[in-house]
Each structure stands twice: as C-alpha cells, then as structure tokens.
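The sequence and structure come first.

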Amino acid sequence: MSLFSYIERKQILSKVEDEKYDVIIIGGGITGTGIALDCVTRGLKTLLIEMQDFAAGTSSRSTKLVHGGLRYLKQFEVKMVAEVGKEREVVYNNAPHVTHPEWMLLPIYKKGTFGKFSTSIGLKVYDFLAGVKRGERREMLSRQETLEKEPLLNKSELIGGGYYVEYRTDDARLTIEVAKKAFEKGAELLNYTKAAAFIYDANGKVEGIKINDVITGDFYNVFGKKIVNAAGPWVEQVIRLDRKITGKSLFHSKGVHIVIDGSKFPLSQAVYFDTPDGRMVFAIPRDGKTYVGTTDTEYKGDLKHPEATLEDKEYILKCIKFMFPEVNVGMNDIESTWAGVRPLIREEGRGPSEISRKDEIWTSETSLITIAGGKLTGYRKMAETITDLICKEFQDEGVTCKKSVTKTMRLSGGDFNKPKDYPTFISEKAKELSALGMSMEEATKIAGMYGTNSDTVIGLADEVLKDSGLPLSVKLMLHYAINYEMALTPVDFFMRRSGAIFFDINWVQTWQKEAIDYMGAIMNWTPEQKEKLTEDLETRIQEAID
C-alpha cells in the first residue's frame, strides 16, 4: 500500500513522464486540492503540483474560519452568501475533526455600523440563506446578556448583541486532509514541484508542463488533456508563462493576525466587531490563546513570505483597545503573528474591504483554465464547478465523467457517522494514547487533530525512532507527518501539519533541534541540507515573533 510520504513523492516523479493525465492542476492550496479530489473521484487521472508545500500560501494564513461571509450581505452578494453559507455545513459534516461550530458575538453600539433592527434582520436573512439548522439560528441579546457572554467588551453605548454560529477550522490541516483524501482515491500530488513552462501541441493549445523538482533541481515534461491554474496569489505568474495578461487582473490584499496568550487576553467568547474606520475584525479564543485579525490592505511585496509590519500590529492593538478597553496588552505581549495574501479579482474604484470574494473562472485561447478569487468555505463548490466545466469539454470529446460525490464524502480523518460522534471518539482515543505513555492533555490534542486517523497514529508507537530526545507525543506527530502527510521540511511540520508556529511558539522552540535531527535521520539529509532547513525554520520562527 502506498503512503502519502516522501518516498511516494520520489516514486511519482520517477514515472511522471511516462503518464498521460486527464487533468494537471497547478496549485496545492485548498482550491487546487479540492479540484484534485473532485476530478479523481469522477474517474479522471489527476496530477497536482505545488511549488511550495501544500497550503503554504493563503490556505494556511486565513482567519481560520469556515464562515458564510455575513458582511457580504451589506454588498448585496446574496447568491454568494447563500452558496457559501450552505457549504459551511458540508465542510463540518465531512471533517468534524478540523471544523468546529463557534458561536460568534456581534456587539451592537448606539453609533456603530450595525443597528439592533438591521442586525436582527441581517442575521435572520443570513440564517435563511445559509440554511442554518434550528439549534444554531441567531439570537438577539440584551445589553446585559451580551456582557454576560463577554465581560471584556467596551460597555460605553453598548445596547445589545447578535449571537450566531460560524465554524472554526485549521485551514492548513483542512487542506492536508483534502489532499490525503485525493491521494487515497488515486490522485498524484507533488509538493515542492514548480511549473516552469508550458508545452503546446501543433494547434497552440497547452498539452503539458515542464515541471521543476525544487528539491533536486531536476526537470520533467508531463502531459495532460486539461491544465488548471489554481495557484491563488500566483495565478498571474502562471498565466504569464502562457501568454501576455489582458483583461482581468488580481488585487492582492494582505491580512494580518496576532496571537496573545489567554492569561493576558482572557477572551471567553469569539467576537466579530466593526472598527472606527469601518473594517470588521475577529477576536477568537483558541487553545489557551486569543488571536485577533484581520487587516485588509493592498499588498505588493513578496507573495511567499508576507510579514506583519509594525503598522499592522499597531492597528490590531488599537482595535483591541477600542473594543476591549480593560485588556492591557501591548507590542511585547504579541507571541506570534501571521500574514496572508488574498487573491481578489480587481474591481476599479473599490478598496480592499469592498472587493467581492466571489470566484471567477476563465479559459485562455491556449485552453489554460484559470480559477481565482473565492473563499476557503466555498472550496468544494468551486472544485465541483471547475470539474463540471472539464467534464463538459470531455463529454464533447466523447468521454463521460461520473457525477460529483464530494458533497457527502468524508475527508481523511473525518470518517464519523455524524459529527456528534466526534467528542466521544476523541475521549476514547485519548485514553488509548495516554496508555502509551503521554499526558491526557497531549493525548487529547493528538486525537483531536487526527480524528479517525488516530488509530494509524497509535499504530506508529512501535515504529518511531527510539534513540531520540523527543517525547512520544511529538515523535508520533512527526512520524505521521513524514510518512502519511508528505511533510518534507521542519517548517512543513511546525507551521502547517501542527500549526504550532502560530499557536504554540514555545513548543516549537523547545523541540526544534530534536525534531530536525529526527527528520534528518529518517530522510537521510546531508549536513548541508540539515543546515539549510534549520536556517529556514529559524527564519520562519523569527518572522512569527518579530
């Protein structure tokens, strides 16, 4: 049985030039992996390439919410809110281990953007459009009820609040679970593999890609009947490999989040609030931390490594001071940050916060299919739409695709009969894990992270390297990431497989050396490789804490 590992990656590359794919996808974020899953489950031979790690771009740097876009009702994006709102439930049902219901408090002030009546109507319409089930429909709260939910709120001119459900997620892990499911169904996926040039047939249509293994430097020519550009912020760079860009263009908007320890900012309730300049900001408690964001500013810098500037952090701290005046936090209390770039379709005359988040699809004269824009929540529907387009073209050529099945397909780790089974399952698996020799806290974290894949993790207890300074809990996570999640570097593990660089920076700094030694021992790194990967991790840690 093939495993989604560094070994499988080498095997795919060894035969990739001999294959003829139905679909080749450029981009390993949530959109690209979603397309890979939809394509392969409709019977299409599928290859996905990603120049960095899976989810390394926008798909690990969002607000980490599967949400319906309440604020887009203000822009009359009714169709998008309805479609994306319904998809929240789909994502939750298919991956309850990485998607959790989160009651959101929207405080209402006398002179705020949202009035009590308009909020009540807006949330009611939101519930209706999103098809929210009865137990999660909005409530309108009095001033006292609002403060009982979150005592830290600014009390001046507070008149009440709206209370409604969103879904909190781990965006990178959601992407990884989609990728793993696509692999399980037969798709081939390669991280650290870059599109270098397109290959054309006699009619000037794209029929393949020259790809570059970023790790070894080797090049391969791969061929496919349909090529999809789902490169997120990099879609224009991919298009430039094909032709000169005309017409639509991207607007890159940067979003920044900061993380503060719960002892300094003891938020008990997720809050969504408007700021004096009209932006909307989330403050969300998670695993003993509170994270706050996001900013929304035009970005023209390095797409691979956007950073939180001093100005970004000062802005968010001012937002905290505005909404939570009793919370005394400053620059020194920020434990970590992350910045992400949203690839929006440019709309002249509109600022970053006003531009629609809807996705757009277009096909070039060379038959390159491009998808851009969109939201994390709507990834599955976007993938279905793209695959519908591909299947229609195949049908015209006499090839029939199966119907899409992803709406009810459980993702890797999400094989529960129903989401409500998740807490009981986690409790039982945590006991099994703790019996191996770890704390119940560590065991619960692992079981919660991997869901129904926890049995596989438990089974690794006899495989992990014994002569390591790492505790068993870390070894299990690391061994699973390498052999079942194609983690190739320490940054892959600490940033995207565990999320620890963002939410537990001390844990990263405690185990980074031993973890690098462990990965190096398994993957036979040379001293030079080990040194470079150590520097890369140090750089990412420094970016997060600076």
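## Cysteines and the disulfide

Cys391 has a relative accessible area of 8% and is therefore buried. The model is a predicted one. In it, Cys391 is bonded to Cys401, with the two sulfurs 2.4 Å apart. This is the one disulfide that the structure holds. The bond connects distant parts of the chain, 10 residues apart: Cys391 belongs to helix H9 (residues 379–396), while Cys401 is in the loop between H9 and helix H10 (422–434). The angle about the S-S bond is -95°, a left-handed link. Cys401, at 17% relative accessibility, also counts as buried, because the cut-off for buried is under 20%.

Which cysteine sulfur is closest to that of Cys39? It is the sulfur of Cys391, at 6.8 Å, and this is too far for a bond, since a disulfide requires sulfur atoms within 2.5 Å. Cys39 is buried, its relative accessible area being 0%. Cys319 is buried as well, with a value of 4%.

## Aromatic pairs

Across the whole structure, a search finds 18 aromatic pairs. One of them is formed by Tyr272 and Phe282, whose rings are stacked, with 4.1 Å between centres and 5° between planes. This pair links distant parts of the chain, as Tyr272 lies in strand S12 (residues 270–274) and Phe282 in strand S13 (residues 280–286), 10 residues apart.

Phe493 and Phe494 are both buried.

## A ring cluster and charges over rings

Ring pairs also join Tyr291, Trp338, Phe502 and Phe503 into a cluster. Phe503, a member of this cluster, has the charged end of Arg286 over its ring, at 4.0 Å from the ring centre.

What lies over the face of Tyr315? Arg279 does, 4.6 Å from the centre of the ring.

Definitions and conventions: Residues are numbered from 1 along each chain as its sequence is written. This is a predicted model: local features need pLDDT of at least 70, side-chain atom pairs count only at pLDDT 80 or more; totals for chains, interfaces and linings use all residues. Side-chain values use heavy atoms; hydrogens and water are left out. Rings of Phe, Tyr and Trp (its six-membered ring) pair if their centres lie within 6.5 Å; planes under 30 degrees apart count as stacked, over 60 as edge-to-face and the rest as tilted. Helices (H or I, at least four residues) and strands (E, at least two) are DSSP runs, numbered from the N terminus. Buried means under 20% relative accessible area, exposed over 50%, partly exposed in between (1.4 Å probe, protein chains only). A charge sits over a ring if NZ of Lys or CZ of Arg is within 6 Å of the ring centre and within 35 degrees of the ring normal.
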